[in-house]
Amino acid sequence: ELAKALEATPGYLMGWHEDTDHIPKNLSVPSARAIPIIGDICAGNGILTNEDFTGFFFVDNSIKADYTLFVRGDSMVGAGINEGDIAFLSKNFEFEDGKIYGVVYGAEKECVLKKVYKQGETVILQPCNDSYKPIIVRADDAWIIGIVIGTYRAIS
């Protein structure tokens, strides 16, 4: 009944799909949403990363990121991710070989941005810069914290 009154579909009201053709005519929808900036992530040679909420990045509703991190280092330049970029990560943990993920690994709980490959009980964290070597860790010693869905780079 509520869907009829608002000229929408039940699926739209419940959030089951984002069919914008069924947005109620008398309902305004925000054009942006806030995504938290929660710190830095290493894309380099072991630069320490930190978790430090610094504010929000406002993006169009079509961007499905859960949080953002400042990129520190140049190991991912071959993938178009540079020092100072803001990486957008989604908490989508359906692993696919060769995708770029934020990964925590090792006793020091280092957090890096790398292409990830799994071979049996081994995980390969592959940089996209020939100046860096792959990081090889046991699968049970690596945790994916999110997949990179895009980046933002300020023009200077």
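User: Where do I start? How many helices and strands does the protein have?

Analyst: Begin with the inventory. There are two helices and nine strands in this predicted protein. Then take the order along the sequence: α-α-β-β-β-β-β-β-β-β-β.

User: How do I read strand pairing? Which way do strand 1 and strand 3 run, parallel or antiparallel?

Analyst: Look for bridges, then for direction. Strand 1 covers residues 32-42, and strand 3 covers residues 67-72. The two run parallel and are joined by four bridges.

User: What about strand 3 and strand 4?

Analyst: That pairing is antiparallel, again with four bridges. Strand 4 spans residues 86-90. To locate the pairing on screen, pick F70, which stands opposite I86 in strand 4.

User: Now cysteines. How many disulfides are in the structure?

Analyst: First the general idea. A disulfide is a covalent bond between the sulfur atoms of two cysteines. Here, a search of the whole structure finds zero. Take C42: its nearest cysteine sulfur belongs to C111 and lies 8.6 Å away. The cut-off for a disulfide is 2.5 Å between sulfur atoms. C42 is therefore in no disulfide.

User: Are C42 and C111 buried or exposed?

Analyst: Check relative accessible area; under 20% means buried. C42 has 2%, so C42 is buried. C111 has 12%, so C111 is buried too.

User: Where does F58 sit, and why does F58 count as exposed?

Analyst: F58 is in strand 2, residues 51-60. Its relative accessibility is 59%. The cut-off for exposed is over 50%, so F58 counts as exposed.

User: How do I read the whole protein? What share of residues is buried?

Analyst: The protein has 156 residues, and 38% of them count as buried. The protein exposes about 9,600 Å². Carbon and sulfur atoms supply 53% of that area.

User: What do the contacts show about separation in sequence?

Analyst: Consider contacts between residues at least 6 apart in sequence. Of these, 53% join residues at least 24 apart.

Terms used: Residues numbered from 1 in each chain as written. Predicted model: local features only at pLDDT ≥ 70, side-chain atom pairs only at ≥ 80, totals over all residues. Heavy atoms only, no water. Buried < 20%, exposed > 50% of the residue type's maximum accessible area, 1.4 Å probe, protein only. Pairing = 2+ DSSP bridges. Contact = heavy atoms within 4.5 Å. Areas by Shrake-Rupley, 256 points an atom, 1.4 Å probe, with all protein chains shown as cover.
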